[in-house]
Amino acid sequence: MPTFVVYLKLAMENVAEVSWDGTMLWCVDIQQSGGTEVRSEVVIDPSREQTVDGSRGTAHFIMKWSKSDRKGCTINLDSSKAKTRFITEDDNGTWVPIAAFDCRGADVVNYHPRGGFNVTSTGGTVFKDVDLSEEWADYDEENGLSVSIMEIESKIQTGK
């Protein structure tokens, strides 16, 4: 079962950490493995476990491909810290693995950042449910800091 790892690269100002919790929704584009059919902006909900037909297993996302009545796909978010981690101030401008998806019958081909991120300023103030679908800026009044995340880039790599 291939694993697809989502990487983010951010230009950060006065940001100590970018984190998320286990309920964050992940928005991705998927393509049928070995096929051409694509589904855009599919939402993977790690809090939703679905039973896989004909199996004892579960998946966070199950779907049938419309052009193939028998073939479907399953996707699970792998929250193993061995594969992914939060983004820290030392990661400014570098690629960081933030999510890994174990897929059957689908390939993750693109990631769309959305809301659900928690940004901690270097002064310790936490900004909750930050939307990174576009550049973000705020002000840490307690510590007199301008806090921002710019130049948001993502990429997908096949992992092990």
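Contact means heavy atoms within 4.5 Å. By that criterion, and not counting residues up to four places away in sequence, Trp 26 touches Trp 20, Val 42, Val 43, Ile 44, Pro 46, Leu 77, Ile 98, Ala 99, Phe 101 and Tyr 111. The structure is a predicted model, in which local features need pLDDT of at least 70, side-chain atom pairs count only at pLDDT 80 or more, and totals for chains, interfaces and linings use all residues. Residues are numbered from 1 along each chain as its sequence is written, and side-chain values use heavy atoms, with hydrogens and water left out.

**Aromatic rings**

- A pair of aromatic rings is described by the distance of the centres and the angle of the planes.
- The structure holds six aromatic pairs; rings of Phe, Tyr and Trp (its six-membered ring) pair if their centres lie within 6.5 Å, and planes under 30 degrees apart count as stacked, over 60 as edge-to-face and the rest as tilted.
- The ring centres of Trp 26 and Phe 101 are 6.3 Å apart and the planes stand at 80 degrees, so this pair is edge-to-face.
- This pair links distant parts of the chain, since Trp 26 belongs to strand β3 (residues 26-32) and Phe 101 to strand β10 (residues 96-104), 75 residues apart; strands (E, at least two residues) are DSSP runs, numbered from the N terminus.
- Trp 26 is buried, with a relative accessible area of 2%, and Phe 101 is buried at 0%; buried means under 20% relative accessible area, exposed over 50%, and partly exposed in between (1.4 Å probe, protein chains only).
- Trp 26 and Tyr 111 have ring centres 5.8 Å apart and planes at 45 degrees, so they form a tilted pair.
- That pair also links distant parts of the chain, with Tyr 111 in strand β11 (residues 106-112), 85 residues from Trp 26; both residues are buried.
- A cluster joined by ring pairs consists of Trp 20, Trp 26, Phe 86, Phe 101, Tyr 111 and Phe 117.
- The charged end of Lys 155 sits over the ring of Tyr 7, 5.5 Å from its centre; the criterion is NZ of Lys or CZ of Arg within 6 Å of the ring centre and within 35 degrees of the ring normal.

**The nonpolar core**

- The largest nonpolar core has 38 residues, of which Val 18, Trp 26, Ile 30, Ile 98 and Phe 101 touch the most other members.
- Such a core is a set of buried Ala, Val, Leu, Ile, Met, Phe, Trp, Tyr and Cys residues joined through side-chain atoms within 4.5 Å.

**The open sheet**

- Six strands form an open sheet in the order β7-β8-β10-β1-β15-β14, with antiparallel pairing; two strands pair if DSSP finds at least two bridges between them.
- At the edges stand β7 (61-64) and β14 (136-140), each with a single partner strand, so one side of each is left without a neighbour in the sheet.
- Strand β1 (residues 3-13) runs antiparallel to β10 and is joined to it by six bridges.
- Val 6 stands opposite Ala 99 in β10.

**Two individual residues**

- Phe 4 lies in strand β1 and is buried, with a relative accessible area of 6%.
- The residues that Phe 4 touches, not counting those up to four places away in sequence, include Ala 99, Phe 101, Val 108 and Ile 156.
- Asp 53 is found in the loop between β5 (50-51) and β6 (58-59), and counts as exposed at 75% relative accessibility.

Conventions: Helix = DSSP H or I, 4+ residues; strand = E, 2+ residues; numbered from the N terminus.
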